[in-house]
Every structure is written in structure tokens, then in C-alpha cells.
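Please look through the structure shown below with its sequence beside it.

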Amino acid sequence: MPKGKVAVAVVHGIGDQDTEVITTDDGLEVTIGFEDKLRARIHEKCRDVCGPNVEDEIIVEGVHWAQVLNDKQEELQQSIYVDNIPKTTQQLRDAFVRFAGDAVAYGDPGTWVYNGVHTEFAATLKRLAHKTAPNAPLCIVAHSLGTVVTSNFLYDLQVDDPLGSSRSIPEMARKIMTDNPTPLERGHTLSLLYTLGSPLALWSILHEDFGVPIQFPPPRWMHSTTGVVNEWVNYYDKDDIVGYPLRKLYEDQNAKREAQNKEPRMLPNLRDEQINVGNWLNSRTPLSHMMYWEDEDVVQPISDRLMETWQAVVDGRIVLEEA
């Protein structure tokens, strides 16, 4: 079986995820689900360029972090169940437990939820490295709370590099990564990052100085001399009450630091892109928050960049294996 040339990690947001656990041909149990539709659309758009076996060329895996909380949330729902209320009210209460529960539970580093979520992220990157190559270019597409998870995980990778220097990566994740993780697993090949409907700006309030953004491209980005595009695009819809722009926040904080005679922080290669997602029924409402995955203004540009990156591998500008 040929190994893929480009790795794509898809990170879901808050709430229930339609997933299923299956056993692969080599006996491994893997979770599949929410990322299937995006995978299919990307492959459809890339097929003419990447060939009929595009599924083996661009490998898409989901970071199923919600499963860390599923059992606890079900237990909680049973304990706080309220009798004699309308069915609709009960459904809304259950949904709120799922949505708010994710946001509340995913908190400070060191908690069992934080550690479990980041361990799932590490496991996904390990699978991608196995299905592609140690140096395969990595693309991450994250939505909603998943963008916060992604930012935290990448930040921890960057400050804990080489692995073990600061112990930011949870012990459970270290066991997944082993003592000699691949460049892909360490984030060194991250070339493309897309955040959809991101509340990262709100999350920054947790820090007195609004926090330190991740470096993008990564400090040890392996493909800096290849001519391949690197970009972080933050997509948001102005009608989406969860998604916000990021660039100006980082620029304003740098201006404030300079005014206080503090050293400005390195700004990531980040571009905010305001788009209108959803159909005529929900595009002008907060429901637009759930529509990014299916919007052409999101899927098409991502697919275009993936094809460019794939071509760079085919042309030999990106070498997947060490000589």
C-alpha cells in the first residue's frame, strides 16, 4: 500500500459527534465519523490533479477528542435528569450539557480532560505519520472549540521542543509519541492551518496580557526552503457569535507592549477571512456557526492549497523520507 503524500487532521468543535468505532484490516480499532464529509469533498476536488487514487495521496484523519468526555457527560445527564418537563426542554437541557460541558471541562493544563484531549490529538498525528511519512506536510482544519484545542496543543509542542524540555506535553501523550516522535508528530511539518468559527479571541481573556500566540509557521518548519505555501487562515462569519477575527487582537497587544517598552511578540503568519457561510435560511443567523464544513468559500481554498502542497511533494521539493 503506497503511503500518502499530505496529511490532514480535522478537529471538531463542541457538542455531540456522529462517530463509529471500526476495526481496520491490521486489527486496530479506530474512530470514524464527523470528518467523512469533509474528506469526501476534499478528495472530490483534488481528484483531477492528484489522480484516481487521491484517497491514498491526501490522508484525512479526525481528532475525536469528544470521546474523552462522552462517558462522564452521559453519567452527568442521568444524575441531573429532571422529570415532568416538556420533551423539547429536556432535549435542550441535554444539548446544553454537551455544548457547555465541553467548554467548561476543557480547562487548565494538567486536568484529566486537558490531558486526555491532547493525548487523542497526539494519537491522531501518530496515525497520520504512519499513513503518510515522517516528513509529510501537515494541514490542520479546526472548528469552534477545536481551534482552542489545536492552539493549545501546538503551543505545548512548541515550548516542549525538544520533547521533554519543559514537560508541557502530558505523560499519556508522551507514551503515544514515544521517545523519538517523527517531525510530523512534533509539528515541524505543519504547513497549512485553518481555523473556522474560532473563539480563540475570547479564550485569550484567560490571560492578563491576552496570551502568547503560537508561532506560525512553526519555529522548526521543515519546508521553509521548498517554495511551498504556508498559511494560517482564520475564517469567520460576522453573523456567527462564536467566531471572531484574530489578527488585530495580536497587533493591538504588540502596540500596547511597545508603548510599555516591552519587547513585541512575534506575529504569526495569520490572515483573517470574513465569509458568509450557510444557506439562505441560516446564513444570517448564529446557526451559521455550524455551516463552515460545507461552505465552498472554505472547502475550495483549502483543497487548492492541498493540491499545491501535493504537487510540491511530487516535484521533489518536499522529501518525505530522510535519505
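What follows is a walk through aromatic pairs, a strand pairing, a pocket and the cavities.

This is a predicted model, in which local features need pLDDT of at least 70 and side-chain atom pairs count only at pLDDT 80 or more, while totals for chains, interfaces and linings use all residues. Residues are numbered from 1 along each chain as its sequence is written, and side-chain values use heavy atoms, with hydrogens and water left out.

A pair of aromatic rings is described by the distance of the centres and the angle of the planes. Rings of Phe, Tyr and Trp (its six-membered ring) pair if their centres lie within 6.5 Å, and planes under 30 degrees apart count as stacked, over 60 as edge-to-face and the rest as tilted. The structure holds 3 aromatic pairs. In one of these, the ring centres of Tyr 194 and Tyr 235 are 6.4 Å apart with planes at 25°, so this pair is stacked. Because Tyr 194 belongs to strand S6 (residues 190–196) and Tyr 235 to strand S7 (residues 231–236), the pair ties together parts that are 41 residues apart in sequence; helices (H or I, at least four residues) and strands (E, at least two) are DSSP runs, numbered from the N terminus. Tyr 194 and Tyr 235 are both buried, where buried means under 20% relative accessible area, exposed over 50% and partly exposed in between, with a 1.4 Å probe and protein chains only.

Another pair joins Phe 216 and Trp 232, whose ring centres are also 6.4 Å apart but whose planes stand at 70°, so the pair is edge-to-face. Phe 216 sits in the loop between helix H7 (200–203) and S7, whereas Trp 232 lies in strand S7, so the pair ties together parts that are 16 residues apart in sequence. Phe 216 counts as buried at 4% relative accessibility, and Trp 232 is buried with a relative accessible area of 2%.

S7 and strand S8 (residues 270–274) pair in the parallel sense over 5 bridges, and two strands pair if DSSP finds at least two bridges between them. From S7 the chain crosses through H8 to S8, and this β-α-β crossover is right-handed, meaning that, with the strands pointing away from the viewer, the path from the first strand over the helix to the second runs clockwise.

On a 1 Å grid over the protein atoms alone, a cavity is a set of points where a 1.4 Å probe fits but cannot get out, a pocket is an open set with protein on both sides within 12 Å along at least five of seven lines, and lining residues have an atom within 4 Å of a point. The second largest pocket is lined by 25 residues, with Asn 152, Trp 203, Ser 204, Leu 206 and His 207 nearest its centre. Helix H3 (87–105), helix H5 (145–159), H7 and helix H8 (247–259) each supply at least two residues of this lining, and H5 gives the most, with 4 residues.

The lining of the largest cavity includes Leu 154, Asp 161, Arg 186 and Pro 218, and its largest share, 3 residues, comes from H5. Among the residues that line the second largest cavity are Pro 213, Tyr 250, Arg 265 and Leu 267.
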